[in-house]
Amino acid sequence: MGKPTGFLEYDRKNGDVRPPEERTKDFKEFHILLPGKEQELQGARCMACGVPFCQSAMELNGMVSGCPLKNLVPEFNDLVCTGNWQQAYRRLTKTSCFPEFTGRVCPALCEAACTCGLHGDPVSTKENELQIIEKAFASGWVKPEPPRVRTGKTVAVVGSGPSGLAAAFLLNRRGHQVTVFEKSDRPGGLLMYGIPNMKLDKAVVERRIRLLEAEGIAFVTGMDVGRDVTGESLLKEYDRVVLACGAGKPRDIQVPGREAGGIYFAVDYLTAVTKSLLDSGLKDKKYPKTAGKRVVVIGGGDTGNDCVATAVRLGARSVVQLEMMPEPPKKRREDNPWPEWPRVKKTDYGQEEAAWAYGADPRRYCTTVTEFLAGKSGNVNRVRTVELEPEKLPEGSSARPGMVPKAGSEKEIPADLVLIAAGFVGAESYCAEGFGVALDSRGRTSLAEGSHRTANPAVFTAGDMRRGQSLVVWAMREGLEAAREVDESLMGYTNLEPGRRDLC
């Protein structure tokens, strides 16, 4: 503990953000890190708890509390406090292979479980983490570390999202020769095309890809495994295969009028905008026209919020975001105590920007779509909605009430562009089928609990493809755990500790 009374003496302070009127003019990252000395005071707020829930990754009431990577949070917070930044970097990267990603896009499960948050504000662990890794890059501490000895074993990783990159990273460090296959034109998976640039600058992703290449990992882009190359051919060429294909099959909304023009899946919209931004600075206009459009976003999660923020930047006339679930409470309810993940209302950057641009929060809770209505051109011009309410159950029933339509609550919302951000229903089946791997009803690989090995002893899976749609931090953990199992199958033993990226 750098300063035993730090949590009493210092208030939580986050880095500044550029105001909406400035940041909505571009797609640049808008978070500004604190000066180093001020960040060190934030490290001093860590209590070095006897039981650090922040790194526990315990499941409480169906939700995980604490960091899935089991980052050594109190230890690197202490090193931040004492200004020992290089050692903080070494301690952080014992468990986290890509802190520059989680430091930007993770919802900070560690902070939700912080003991300081029980009666006050939690330690700003996420910003401490980001400051550590960015200072490490700026100081030249992050260098390629290719293995000194190669094992002669080869591994193909299918998918270059966070789980695929994490698996490739650790297997390469172990000495195996790794090739990563990516169907898009750039590696990075959802890190590249699923998350907007203002949330995760693509230069940050490319910086890490270049580093992995310098360590000996090969990347093959524009290669759709299962279509452009068969699973059989990969199994002949490589000793092991890791399928980290994500869960990118979007959930559709099957209501009358779905065939109308101007309706897109959120993932396709975000991908097109980011690709246009990277290819031409948006000059090629190879994305759905948004300027002057009345935009309706269906879905209240992170992807929906990203669509809201993107539409604001592209000059939408208005933006409405529909959410099926009720509006969460502003504070924890009694049945949601610390250190559970707080089920409370959060206003994200996109909603803040829409409120600034259009004068009101764009979210409409307890609302679902019943029909899309098209104009003479065949393009959508209205969305018919209905409000939802909890169903009435028989007295004494212990069942959880579902949401049912509320009589007389039908409305129509003007809409020229509709973005469906209703989540995902699992992995595309063709790649898994090419390796003889079965998917369950939720589009996930059917494996034993805690295992990443499929029925084919040479094929493993990781990330959202195995777990289902989840967070970047969980995908990274999945990749690291899969790498350990692959290493053990190749060598007959492994010195890769579960959940850790360093060689022990």
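This is a predicted model: local features need pLDDT of at least 70, side-chain atom pairs count only at pLDDT 80 or more; totals for chains, interfaces and linings use all residues.

Trainee: OK. In what order do the strands of the five-stranded open sheet run?

Mentor: The order is S5-S4-S3-S6-S16. The pairing is parallel.

Trainee: Which strands stand at the edges?

Mentor: S5, residues 218–221, and S16, residues 459–461. Each has a single partner strand, so one side of each is left without a neighbour in the sheet.

Trainee: And the twist, what does it average from one strand to the next?

Mentor: The average is 20°.

Trainee: Back to S5. How many bridges join S4 to it?

Mentor: Four, with S4 covering residues 177–182. Among the residues involved, Phe 181 has Val 220 of S5 as its bridge partner.

Trainee: Switching to S15. Are its faces covered or open?

Mentor: Both faces of S15, residues 417–420, are covered. Leu 417 and Leu 419 sit on one side, Val 418 and Ile 420 on the other, and all are buried.

Trainee: What pairs with S15?

Mentor: S7, residues 263–265, runs parallel to S15 and is joined to it by three bridges. S8 also pairs with S15 in the parallel sense, over four bridges.

Trainee: Which residues stand opposite Val 418?

Mentor: Ile 263 is one. Val 296 is another.

Trainee: Which residues lie nearest its centre?

Mentor: Arg 442, Arg 444, Arg 466, Arg 467 and Gly 468, out of 24 lining residues.

Trainee: How does the lining divide by residue type?

Mentor: Ten charged, eight polar and six nonpolar.

Trainee: Which helices supply at least two residues each?

Mentor: H17, residues 464–467, and H18, residues 472–491. The largest share of the lining comes from H18, with four residues.

Trainee: Buried or exposed?

Mentor: His 452 is buried. Its relative accessible area is 1%, and the cut-off for buried is under 20%.

Trainee: What does His 452 touch, leaving out residues up to four places away in sequence?

Mentor: Its contacts include Val 459, Phe 460 and Thr 461. Arg 466, Glu 478, Glu 481 and Glu 485 are also among them.

Trainee: Now H4. How many of its residues are buried?

Mentor: Seven of its nine, so H4 is mostly covered. The buried ones are Val 73, Pro 74, Phe 76, Asn 77, Leu 79, Val 80 and Cys 81.

Trainee: What do they pack against?

Mentor: H3 (36–43), H5 (85–92) and H8.

Trainee: Thr 125 is on my list. Which helix is it found in?

Mentor: H8, residues 125–138. Thr 125 counts as buried, at 4% relative accessibility.

Trainee: And what does Thr 125 touch, beyond residues up to four places away in sequence?

Mentor: Val 73, Phe 76, Asn 77, Cys 110 and Glu 111. Val 73, Phe 76 and Asn 77 are among the buried residues of H4.

Trainee: How far apart are the C-alpha atoms of Thr 125 and Pro 35?

Mentor: They are separated by 15 Å, and the two residues are 90 apart along the chain.

Trainee: Which peptide bond is cis?

Mentor: The one joining Trp 338 and Pro 339, with omega about 5°. Pro 339 is found in the loop between S9 (318–322) and H15 (349–358).

Trainee: What about Lys 70 and Lys 285, what phi do they have?

Mentor: Lys 70 has a positive phi of about 55°. It lies in the loop between S2 (63–65) and H4 (73–81), and Lys 70 counts as partly exposed at 40% relative accessibility. Lys 285 has a positive phi of about 60°. Its place is in the loop between H13 (266–280) and S8 (294–298). Lys 285 counts as exposed, at 58%.

Trainee: And just after H4, which residue takes a positive phi?

Mentor: Gly 83, at about 75°.

Conventions. Residues are numbered from 1 along each chain as its sequence is written. Side-chain values use heavy atoms; hydrogens and water are left out. Two strands pair if DSSP finds at least two bridges between them. Axes are lines fitted to C-alpha atoms, for helices over the stretch in contact, and angles run from 0 to 180 degrees between N-to-C directions. Buried means under 20% relative accessible area, exposed over 50%, partly exposed in between (1.4 Å probe, protein chains only). Contact means heavy atoms within 4.5 Å. On a 1 Å grid over the protein atoms alone, a cavity is a set of points where a 1.4 Å probe fits but cannot get out, and a pocket is an open set with protein on both sides within 12 Å along at least five of seven lines; lining residues have an atom within 4 Å of a point. Ala, Val, Leu, Ile, Met, Phe, Trp, Tyr, Cys and Pro count as nonpolar, Asp, Glu, Lys and Arg as charged, and the others, Gly among them, as polar.
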